[in-house]
Amino acid sequence: MLIQGVLGWQPVSELPRRSMGLITLPVIRRMAVCGGTHGNELTGVYLVPELERQRREKGDTLWPVPVTTVLSNPRAVKECKRYVNKDLNRCFTSAILSSPVTDTTPYEVQRAQELNSMLGPKGTADATDIICDLHNTTANMGLTVISYSHTNWVIMHIYKYLQARLTDPRTWLLDSTCINCFSSVEKITKVPVRLILLNIPICDAYSLESVAKHGISLEVGPQPHGVVRADIFNVMKEGVNVVLDWIQHFNSGKVIEGAEVDVFMFEKSVDYPRDTETQNPLAVIHPQLQDQDFCLLQRGDPLFLTFSGETVGYDEEEPLHPFFINEAAYYEKGIAFHLARKKTLVIPNIQAKND
Amino acid sequence: MQTGLLYNAVQTSGHLGRGTVAMSSPCNAACFPRVRRVAIFGGTHGNEMSGITLVNMWMKNGAEVQRNGVLTKPFITNPGAVEKCTRYIDTDLNRAFTPENLSTPSGDGLPYEVQRAKEINQLFGPKGSPDAYDVIFDLHNTTSNMGSTLILESSTDHFNLQMVHYIKKATAPESCAVLLNEHPQLRYATTRSVSKHPVGLEVGPQPQGVLRSNIFESMRMIVKHALDFIELFNSGVEFPTCTVEAFRVHERVDYPRDTNGNITAMVHPRLQDCDWEPLNPGDPMFQTFDGWSIPYAGDGPVYPAFINEAAYYEKQQAFVATRRETLAAAAIRLASE
């Protein structure tokens, strides 16, 4: 039973629950790693030049495919700010990418169009195969993969592989790039790895990685903006290495076995309770919710603590999973946290074919 | 401490607090005038959210910070930076209270924070004069894992020493560190320095631009204890001589950098979050981006603080090395009026 993978949304109920047959997909030929899409999310800002240094030292054969390294928003990086005029990672909808550039066009819109020329164009056969866009969050999200399509089998398999490799601390010691990092085992901690899927058709997808045929954001936290933590850096570095390992594995032509995977489907956002006149928040994330990303919220569970000491509870019928809890950059977007529904999906066996 | 020596120390230090007249006393205690005016500053850095939130809350309803006989003024020091949720607009307000800045003539070309410093000096100072506010608490957050920290600028301000001693006892078993910055080169002209008894309250870890409930409550509680102390002092309670364990700023340690000034290593995972723990020569200090360890090579041990503070990358500081010291606090009581 062969099913062509499509970019776009299909109701989960249409997917058969049993393991599917083999799906053949084109080999991966080109990849891009982007850092500094938000100029104050420092892991990517420092990992991109480190990858470039590795390439200068060890040559092009270091990686299984050519890897383009990009500092996405150099002006924001220079100022160590999220953005200069407008959030770059909201500028990649088809509409914005094709809008005419004038004197008043924000810097990030122009940059998005440059990046689209460099790595895309989005939606065409010339687009780069894989983009890994590196991000940090102040939320306690471990390593979270964010993407748009649950039927993009390359992405689903990369996620599955990341989860297997990064949640087993023993594999860290076997990876030579990390052998210098840890002088003893106790500093290696398991990193939870999860996948968030956004229910948006690709033309409306607004983030940088949507330019590629298979785009993922790697979001690692918690890390304050403007800070680079070694433990978070090492997780991200290992994550990128694991993605490259997967590409090598996939391109070798072996059958990569499918499985059931748990994913989180974005459902909606929740804002802080606000003063109706001033719009200032009236409450803070409740201490019992703070740092509990991906827990299960049941009716009555505490969400917010007002400044006058009252608890605001979760009052929905359906239990959902919160994430991006207390992300610094989302205060101005009116988001205290997002909510997701957890689903188990079946991903098929896949195999690379040369065309 | 012997009576004679204590009396001598109190007289010759000349430093019961800026602009305070030392009253001679036949008993052991150093006397201080009644505390009449206290300010609580938030938003000196516009992205350090605990102080901003607390001060806004107290400006709307100040009942919690009122104490008998004391004027308590909550105040946002850098509203421009708070509006943009950024540390500062032109220059760091908490470095701006230098004699040069405070005496420079007002004008259009002045950096925002220098103009602001002059205004604050008028409202709550003038710095060094008898008209200055008695006490100012300046509320700050840090991305470093420093817990609750009280920052002092003088080891001979006995009023402040007694206050921090009281606060530490009141917060126990929760710990509250005392950081002393009296270093001739590393000390800086803080916003709170316009007062006679300046105290910095630093609570972390909290990312810039984020409000965490536990950090918020810790800071709120420290302010409460500080105001309780002032109320007790004003009511005539005598605070006997005591000692205060403190960490004295010794030197600033920067990241290794390349010739372009970019950092070439990060705080080592073993040092990260270990504020106030001893760092011995040979202990891992930095980790390069390709995984190599750089050890601490000082003549230690030192006690690092402000480890990996976001705002200090541009100030060339990965952490500040401190040394432990026991400070002696003279007994204090209210001067007879």
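A residue is called buried under 20% relative accessible area, exposed over 50% and partly exposed in between, with a 1.4 Å probe and protein chains only. This is a predicted model, in which local features need pLDDT of at least 70 and side-chain atom pairs count only at pLDDT 80 or more, while totals for chains, interfaces and linings use all residues. Residues are numbered from 1 along each chain as its sequence is written, chains are lettered from A and ligands numbered from 1 in the order in which they are written, and side-chain values use heavy atoms, without hydrogens and water.

An unreviewed UniProt entry places the feature "binding site" at B:His45, B:Glu48 and B:His140; such annotations may be inferred rather than shown by experiment. These positions are spread over 96 residues of sequence, yet they cluster in space, with a largest C-alpha distance of 7.4 Å.

B:His45 lies in the loop between β2 (37-42) and α2 (49-60) of chain B, and B:Glu48 is also found in the loop between β2 and α2. Helices (H or I, at least four residues) and strands (E, at least two) are DSSP runs, numbered from the N terminus.

| Residue | Relative accessibility | Class |
|---|---|---|
| B:His45 | 4% | buried |
| B:Glu48 | 4% | buried |

Contacts (heavy atoms within 4.5 Å) link these sites. Not counting residues up to four places away in sequence, B:His45 touches B:Ile52, B:Thr86, B:Arg87, B:Asp92, B:Asn94 and B:His140. With the same exclusion, B:Glu48 touches B:Arg87, B:His140 and B:Asn141.
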